[in-house]
Amino acid sequence: MAAAASTAPSLVRMTEKALEEMPRWPWHSVVDAMKQCQRLLPLADSTGVFDRAVAALVSHMAVPSAGDATPTSSSPESTAFRFSCDTKSSNLSLRGSCISRTWWFEDLVALSPGTVERVATELVARGTDHGVVSRFLFYYLKCRIAGASSEDKKAMLEASIAVISGLDRSAVSCKGLFGILRISASLKLADAWQERLVAMVGRKLDQATLDNLLVPAPSGTGSLYDVSLVLRFLEAFIRGGDAVRDERTRLEKVGRLVDLYLAEVAPDPSLRPAKFVELATALPAAARDCHDTLYRAIDVYFQVHARLTDDDKMKICRGLSYEKLSPECCKHLARNASFPTRAAVQALASQHTVLKSLVLRDSGELKPVSSPPSATGKHRSSCDDGENDGQIILYAARLDLSLENQNLRSLLERMHWRVMELEKVCSRMKTQMTKMKAKRGGSCTARSLPRMCS
């Protein structure tokens, strides 16, 4: 008994020493130890052995490089660590150069989702490049998701989402996120995980394509595409907007993407007007410099939904800025029977306002009488005025003020022909009166002629 008691502290010390030396074990030995710790959970976790195994594993994967203490970029090819390529061998020597920083991906594919989450979190905590971590997680899903049970798939997705949601936006692949979204569609993840995934996709929406957004609607809805999901993406994009220099550029990219999506979903007969309006007005006005594509999408929607009332159509037209329509589209709208008359009138009025502002600016009513001197001290030449004149003429010619001008031209032509007919009648009457006067010996005077013919 005494001998057994005396050996107990020695076993504890031997175990502690072995755990302390784990970072110096060969790579495969550390991986095997990691797999054994998985089988001993939660005991290995409560004793701290699991954390030590994770730390040892990560220490083999990332070795601080000399003179490179901090990351210089968020791209996958730059990192604060030099990934060792020789820790698979039994010795501790490092190769002179790394073939790849992702050599360890394949060896960790067999780990459980919970272990992968712990390892990835530890890598991030040690300052590993976020691009490398996200690539590993997508690779892990690609290798393990096929053939896995629904519960295992859920665990893998939740572990990946938990880590990816904390990475830099620029380090995460937009294509990879939509891949996770497609897999999760049939798994019915908890709302919390769905919201985190939607938020990540929303932050990357400016890099998405039209095919990414064409997600089929859930069964039983009757719609072709999941418009509600795209609206959630847009909300996340607006909510996660950063005050960066390229924010306007990102917003315009999303605006063009939404217009393409609207054109794609407009022919869906099951798409309700309220949902179409919500989609068309989801982005701020700065997202679109031109509303031509939006107008065409609305035109298609009106043709497919021919039973809409004028009030419903006007609600949809509220998302349309007539000032941002080209003269060609404005002309088309004025003649388009699918649009309410009020929309045509508003479009023409807005184009008149644009043309009037150009005329006023050219005539000097919106600028000082004398042009200010230029940087060289000379006044503006007449060439500038000529350019303004040309701009007004070109715009007016393209606009053609179609509805009003055509009506007025038609009215004037009818009046012209009517006057010509009256003149012919008067001429014949004069001839007849002259003959009658000659026969009666001048009994008829000029006063007997109608005023119009005298």
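## Exercises on salt bridges, core and cavity

Arg 288 forms a salt bridge with Asp 259, with the closest N and O atoms 2.7 Å apart. The pair links distant parts of the chain. The model is predicted.

**Exercise 1.** Where do Arg 288 and Asp 259 sit, and are they buried or exposed?

*Solution.* Step one: place the residues. Arg 288 lies in the loop between helix 14 (273-280) and helix 15 (292-304). Asp 259 belongs to helix 13. Step two: check burial. Arg 288 is buried, and so is Asp 259.

**Exercise 2.** Work out how Glu 247 and Arg 250 are placed in helix 13.

*Solution.* Start with the bridge: the closest N and O atoms of Glu 247 and Arg 250 are 3.2 Å apart. Next, the spacing. Now apply the cut-off: buried means under 20% relative accessible area. Glu 247, at 19%, counts as buried. Arg 250 is buried too, at 5%.

**Exercise 3.** Which residues does Leu 333 contact, beyond its neighbours within four places in sequence?

*Solution.* First, the setting. The largest nonpolar core has 96 residues, and Leu 57, Trp 104 and Leu 333 touch the most other members. Then the partners of Leu 333: Tyr 295, Leu 320, Tyr 322, Leu 325, Phe 339, Ala 343, Ala 344 and Ala 347.

**Exercise 4.** Describe the lining of the largest cavity.

*Solution.* The space is about 50 Å³. Its lining includes Ile 164, Leu 167, Arg 169 and Lys 204. By class, the lining has five nonpolar, no polar and three charged residues.

Methods. Residues are numbered from 1 along each chain as its sequence is written. This is a predicted model: local features need pLDDT of at least 70, side-chain atom pairs count only at pLDDT 80 or more; totals for chains, interfaces and linings use all residues. Side-chain values use heavy atoms; hydrogens and water are left out. A nonpolar core is a set of buried Ala, Val, Leu, Ile, Met, Phe, Trp, Tyr and Cys residues joined through side-chain atoms within 4.5 Å. Buried means under 20% relative accessible area, exposed over 50%, partly exposed in between (1.4 Å probe, protein chains only). Contact means heavy atoms within 4.5 Å. On a 1 Å grid over the protein atoms alone, a cavity is a set of points where a 1.4 Å probe fits but cannot get out, and a pocket is an open set with protein on both sides within 12 Å along at least five of seven lines; lining residues have an atom within 4 Å of a point. Grid points are joined across faces, edges and corners, and a volume is the space filled by probe spheres set on the points. Ala, Val, Leu, Ile, Met, Phe, Trp, Tyr, Cys and Pro count as nonpolar, Asp, Glu, Lys and Arg as charged, and the others, Gly among them, as polar. A salt bridge is a side-chain nitrogen of Lys or Arg within 4 Å of a carboxyl oxygen of Asp or Glu. Helices (H or I, at least four residues) and strands (E, at least two) are DSSP runs, numbered from the N terminus.
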